[in-house]
Amino acid sequence: MAKPFRDKLVKAFQDWSLPRQIVGEDAMSTAAESEGSRRWRPRLEQADRVGTSICPYCAVGCAQLVYARGNDVLHIEGDPRSPINQGTLCPKGAATIGWMMNPNRLTKVRYRAPYSDHWEDRSLDWAMDRIATLVKQTRDETFVRHLPDGQTVNHTMAIAELGGATLDNEENYLIKKLFGGGLGMVWIENQARV
Ligand code: SF4
């Protein structure tokens, strides 16, 4: 047997917890450690603070504990004090850190003007103003008070709204009031099917 391979085999055997447990002082113990596991550190050891947050993904609103070192988020887990999730998170909530730390995450508004071939950075205030302006303009241009037979409808068929699962009851209530009663929109939908 080649020496490097034999050395590796001996090392692996020595590192395996079972033989060390059998020849060790406490043969019935299940607490034998390998060299590898001895080097492992608690995943939160590096954190110097912990904050609380709410999972951004859906309206269940699971509470989270966010562990950080300086400005770097190290780990996010469920908050056991929450009566909603009692320390648990679903796979989406458990992966929140990937969403936060993803280098591809957009942190600015990106805008491509009509007929343009490139994207531009814009401020959030600019984007909100533009959305409000276009909604008002479209609504005013397409608002129908009466159908040809005289029936009163007071609606616009030119704008639709699609909500997301993150919206809670109160936000959906306000959306219905603003878009339906206020603007006269007919197509108001939500992707959540709970
Ligand atoms: S996505 Fe999962 S973890 Fe997040 S609030 Fe909803 S159920 Fe909770």
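Does Gly36 count as buried or exposed, and how many C-beta neighbours does Gly36 have inside 10 Å? Gly36 has 8 such neighbours and therefore counts as exposed; the scale calls a residue buried if 20 or more other C-beta atoms lie within 10 Å of its own, exposed if 12 or fewer, and partly exposed in between, with C-beta atoms placed from the backbone. Gly36 sits in helix α3 (residues 35–39).

The model is predicted: local features need pLDDT of at least 70, side-chain atom pairs count only at pLDDT 80 or more, and totals for chains, interfaces and linings use all residues. Residues are numbered from 1 along each chain as its sequence is written. The pLDDT, the predictor's confidence in each residue from 0 to 100, averages 88 in the protein chain, and 92% of the residues score at least 70. Confidence is lowest in helix α2 (residues 17–23), at a mean of 70, and highest in strand β6 (residues 144–146), at 97. Where pLDDT is low, the predicted coordinates should not be read in detail.

The protein chain holds seven helices and eight strands, which are DSSP runs numbered from the N terminus (helices H or I, at least four residues; strands E, at least two). Its radius of gyration is 29 Å, whereas a compact globule of 194 residues would have one near 16 Å; the radius is taken over C-alpha atoms, and the globule rule is 2.2 Å times the number of residues to the power 0.38. The C-alpha atoms fill a box of roughly 95 × 45 × 35 Å along the principal axes. Buried residues make up 7% of the 194.

Helix α1 (residues 3–15) has 13 residues, of which zero are buried, so the helix lies largely in the open.

Strands pair if DSSP finds at least two bridges between them; β6 and β7 (residues 152–163) pair in the antiparallel sense over two bridges. His146 stands opposite Thr152 in β7.
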